[in-house]
Amino acid sequence: MRNIRNRLRNVSLKHKLIIVFSCFLIIPFVIIGGTLSWLYMDSNRNMILDAAVDNNNQIAKNIDTSLQPLLRLAMYPERDQTIFQIMRKDYDSLPYPLYERGRDFDTVNGIIRNSMMLYTDLLDSAVIYQSTNHVVVGRSNNGYMDHRYLEQEFYSEPFIQTILQQKGLVVPVGIHPEKLMSFHDTPVVSIGRAIVDPYTKENLGLILLNIGIDKLAGLWSSIHFTEHTQFYLIDEQKNIVYSKNPGDIGSAAANVLENRKPAGGGELETREDADNYIITSASEVTNWQAVTVIPKQELFSFVDVIVRTIFISLLVLLALSILASIYIATSITKPLSALNAKMKQVSQGKLDVNIDIQHGEVGRISITIDHMLQEIRRLIQRIYDEEQEKRRLELLALQSQIRPHFMYNTLNVIKWMAKIQGATGIEEALTAFSSVIKFTAKAESDEVTIQEEVEFIRNYTNILDFRYLNKFEVEYDINPEVLPYKTLKFLLQPLVENAIFHGFDGIPYKGKLSIRIHREGEHVVIIVADNGRGMSGADLEELQPGPGSDPMNGIGVKNIRSRIELNYGTDCGLWMTSTENAGTTAKIIIPVITEEERGDCNESINRG
């Protein structure tokens with residue numbers, strides 16, 4: 001099992017897709033196609049077989065329906081008083097027996113031809129026989145009649161005795177030769193009934209209605225299921241009444257049908273052997289049996305053709321589907337292979353690779369990867385430029401720290417000399433200036449605490465206050481919470497310098513400088529505002545250290561913006577608003593930075 005799994009893992013994506021597609025196609029085709037074919041074949045077989053059974057039953061019903069009028073005709077002699085009176089006569093006791101018999105014969109013949117023979121087309125001939133004188137008192141035709149047969153054999157025929165024994169009940173007579181009124185002993189079937197005197201219950205004679213086989217065959221001869229379907233009509237004596245083969249008529253059904261002989265009695269049955277279906281239906285009137293023998297191969301030949309057609313169609317569709325799955329798998333894996341080759345080049349450091357796949361899902365992925373590579377190249381260039389800018393700024397800051405170290409040591413000497421000589425004001429100014437120089441000379445890090453930055457600003461403004469002789473005042477509003485937080489060194493000094501040197505220059509009133517620092521969520525907000533002469537929009541854009549600026553201000557406002565964006569991200573920065581003669585406000589936003597945590601404004605926003 002493990003070896004099989006390993007082999008499956010090593011199979012290429014193309015072959016996996018072909019296998020999966022083929023499985024999803026073959027399995028449903030086999031299950032659904034096989035099931036539908038079987039259901040179709042089974043349902044159609046049953047439907048065709050049921051139709052054959054219904055057809056055979058209909059033949060039996062047609063026989064019963066056609067014979068019903070003959071059953072009523074068999075009762076005609078008892079209901080017709082003329083015939084009934086003739087049946088009661090004893091011609092031997094009459095004075096003129098031949099005359100009476102001839103007259104009655106003509107009378108009965110007229111009734112048979114004009115009343116009975118016109119009643120149905122199925123009737124071939126009719127005979128009324130009188131038992132008292134053993135004579136035929138009427139028949140449907142005046143032609144040939146075998147008198148010898150009438151005198152010697154007719155009355156003793158088994159079917160005649162059976163009719164007489166039934167005492168007025170209708171008796172269907174199976175296949176037998178018509179010897180009385182036929183030259184060639186034509187085979188017929190008959191309906192017979194004894195004519196009984198209702199008062200004495202004596203048999204007066206009988207009526208015999210003969211049906212020709214050719215007329216009877218019209219009830220089923222137009223119905224054929226297949227070319228070699230065989231139909232047989234079998235009488236109550238199990239003899240063949242009808243068959244396509246004239247030689248079978250009158251023969252015993254057992255000899256003709258052999259192992260296909262029908263069920264006994266009046267049973268309705270459908271049986272089958274190796275080659276045929278044998279369908280048997282019984283007549284309710286005559287107890288005859290309609291037997292249909294249908295070859296299986298012919299009965300279901302159309303169904304077999306349909307099933308073969310469906311099966312071949314399914315195989316063709318399956319083959320086409322597998323070819324389509326191979327094409328789809330190839331169309332998917334070929335671009336993926338090309339993409340994989342390109343990505344190998346990217347993994348080797350070739351970021352200038354151009355992936356030129358333009359179509360389909362892989363094409364869209366390729367376009368996305370192209371965009372990603374362009375962005376990576378852009379970010380690499382940006383990082384390179386930012387590092388170069390950082391190095392330039394660090395070099396600038398380092399250069400600005402060289403002179404403060406020398407001046408700091410020199411000012412300490414001058415301060416001690418002022419102290420020895422008792423020049424207190426000079427001593428205080430030098431002390432503040434020394435602190436400023438000391439802060440400037442700190443090179444451990446580019447970051448200081450807000451408390452250190454504020455202390456530097458206090459010393460710096462004190463020095464400027466000595467210089468400008470109380471021309472401005474500084475107001476501090478600092479939340480103690482923010483004092484331990486980290487900030488960039490020299491972040492406020494350029495803003496304070498611009499406010500005092502430029503904002504308060506030439507104003508007729510005392511300048512006020514406000515420094516407010518507080519926390520807002522994950523950010524520290526620093527606001528430096530003055531009530532100086534303000535600036536125009538053009539001045540705001542051009543705000544930077546000029547050639548005549550104080551050498552201490554070697555960093556500048558634009559430098560502040562660049563340092564904030566480089567260190568804290570583009571969502572932090574410096575924003576300035578100003579109106580001429582209405583003062584200037586600078587707003588700085590930096591992230592909250594403690595000793596344990598350092599972040600940038602983008603991270604702060606994401607956390608928020």
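What follows is a chat about some strands, helices and loops in this structure.

Modeller: Before we start, keep in mind that this is a predicted model.

Biologist: Let's begin with the open sheet of five strands: which strands stand at its edges?

Modeller: The order across the sheet is S12-S14-S15-S17-S16, with mixed pairing. An edge strand has a single partner, so one side of it is left without a neighbour in the sheet. As for the twist, it averages 15° from one strand to the next. The edge strands are S12 (472-478) and S16 (573-578).

Biologist: Which helix lies across S16 and S17?

Modeller: That one spans residues 557-568. It runs at about 145° to S16. The helix is H17.

Biologist: Moving on to strand S4, how many of its residues are buried?

Modeller: S4 takes in residues 186-196, and it's mostly covered. To count as buried, a residue needs under 20% relative accessible area. Of the eleven residues in S4, the number buried is nine.

Biologist: Which residue of S5 stands opposite serine 190?

Modeller: S4 has pairings to look at here, including an antiparallel one with strand S3 (residues 171-178) over six bridges. There, glutamate 178 stands opposite threonine 186 in S4. S4 also pairs with strand S5 (residues 203-212), in the antiparallel sense over nine bridges. Within S5, the residue opposite serine 190 is asparagine 210.

Biologist: Which residue in the turn of the S4 and S5 hairpin has a positive phi?

Modeller: Six residues sit between the two strands of that hairpin. The phi here is about 60°, and the residue is lysine 201.

Biologist: Where does lysine 238 lie, given its positive phi?

Modeller: Lysine 238 isn't a glycine, yet its phi is about 65°. At 33% relative accessibility, it counts as partly exposed. Its place is the loop between strand S6 (230-234) and strand S7 (240-242).

Biologist: Now asparagine 287: what does it count as at 40% relative accessibility?

Modeller: Asparagine 287 has a positive phi too, near 65°. It's found in the loop between strand S9 (276-282) and strand S10 (289-295). Buried would need under 20% relative accessible area and exposed over 50%, with another class in between. At 40%, asparagine 287 therefore counts as partly exposed.

Biologist: How many residues of helix H15 are buried?

Modeller: H15 runs over residues 493-503, eleven in total, and is mostly covered. Among the buried ones are Leu495, Val496, Ile500 and Phe501, and also Glu497 and Asn498.

Biologist: Last one: how much accessible area does the nonpolar surface patch have together?

Modeller: The patch is formed by Ile26, Ile27, Val30, Ile31, Ile32, Leu36, Trp38 and Leu39. Take isoleucine 32, which lies in helix H2 (residues 13-73). At 48% relative accessibility, isoleucine 32 counts as partly exposed. Together, the patch residues have an accessible area of about 780 Å².

How values were computed. Residues are numbered from 1 along each chain as its sequence is written. This is a predicted model: local features need pLDDT of at least 70, side-chain atom pairs count only at pLDDT 80 or more; totals for chains, interfaces and linings use all residues. Side-chain values use heavy atoms; hydrogens and water are left out. Two strands pair if DSSP finds at least two bridges between them. Helices (H or I, at least four residues) and strands (E, at least two) are DSSP runs, numbered from the N terminus. Axes are lines fitted to C-alpha atoms, for helices over the stretch in contact, and angles run from 0 to 180 degrees between N-to-C directions. Contact means heavy atoms within 4.5 Å. Patches are made of residues with over 30% relative accessible area and no salt bridge: like charges are joined within 9 Å, nonpolar side chains (Val, Leu, Ile, Met, Phe, Trp, Tyr) within 5 Å. Accessible areas come from the Shrake-Rupley method with a 1.4 Å probe; for residues, only the protein chains shown count as cover. A salt bridge is a side-chain nitrogen of Lys or Arg within 4 Å of a carboxyl oxygen of Asp or Glu. Buried means under 20% relative accessible area, exposed over 50%, partly exposed in between (1.4 Å probe, protein chains only).
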